Amino acid sequence: MCRSIKTLRPPALPEEATEEEIRAAALQFVRKVSGFRAPAAHNREVFDHAVEVIAGATAELLDGLEVRGRTAAR
């Protein structure tokens, strides 16, 4: 697990996760999986696309989670 990715759901965060926090977590995940901190020019498009897809999936996950009997709305 990438240790720099923090938990983005309540009660770990006092407020809902921001788009910036979600994108930062997605970026860290893609960096970890790809092994690249910054991709070469020929890999930039696929790298950036992966970050966007993972950020979208993360937002969807957070929107659907129920935390302690309530919906964790963003």
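Gly56 is partly exposed, at a relative accessible area of 38%. The scale behind that word is simple: buried is under 20% relative accessible area, exposed is over 50%, and partly exposed lies in between, with a 1.4 Å probe and protein chains only. This is a predicted model, in which local features need pLDDT of at least 70 and side-chain atom pairs count only at pLDDT 80 or more, while totals for chains, interfaces and linings use all residues. Residues are numbered from 1 along each chain as its sequence is written, and side-chain values use heavy atoms, with hydrogens and water left out.

Gly56 sits in helix α2. Its C-alpha lies 8.5 Å from that of Ile22, across 34 residues of sequence. Phe29 belongs to helix α1. Phe29 is partly exposed too, at 39% relative accessibility. Ile54 is 25 residues away from Phe29 in sequence, and their C-alpha atoms are 8.4 Å apart. Setting aside neighbours within four places in sequence, Phe29 touches Ile5 and Ile54; contact here means heavy atoms within 4.5 Å.

Now take the whole chain. It holds 2 helices and 2 strands, in the order α-α-β-β from the N terminus. These are DSSP runs, numbered from the N terminus: helices are H or I with at least four residues, strands are E with at least two. Of the 74 residues, 27% are buried. Among contacts with a separation of 6 or more, 52% join residues 24 or more positions apart. The chain exposes about 5500 Å², and carbon and sulfur atoms supply 53% of that area. Accessible areas come from the Shrake-Rupley method with a 1.4 Å probe; for residues, only the protein chains shown count as cover.

Next, the interior. In soluble globular proteins, nonpolar side chains tend to be buried together. The largest nonpolar core here has 14 residues, and Leu8, Ala17, Ile22, Phe47, Val51 and Leu62 have the most contacts inside it. Helices α1 and α2 each supply at least two residues of this core. Such a core is a set of buried Ala, Val, Leu, Ile, Met, Phe, Trp, Tyr and Cys residues joined through side-chain atoms within 4.5 Å. Beyond its neighbours within four places in sequence, Leu8 contacts Leu13, Ala17, Glu21, Ile22, Ala25, Thr58 and Leu62.

Helix α2 gives the most, with 4 residues. By class, the lining has 10 nonpolar, 2 polar and 2 charged residues. Ala, Val, Leu, Ile, Met, Phe, Trp, Tyr, Cys and Pro count as nonpolar, Asp, Glu, Lys and Arg as charged, and the others, Gly among them, as polar.
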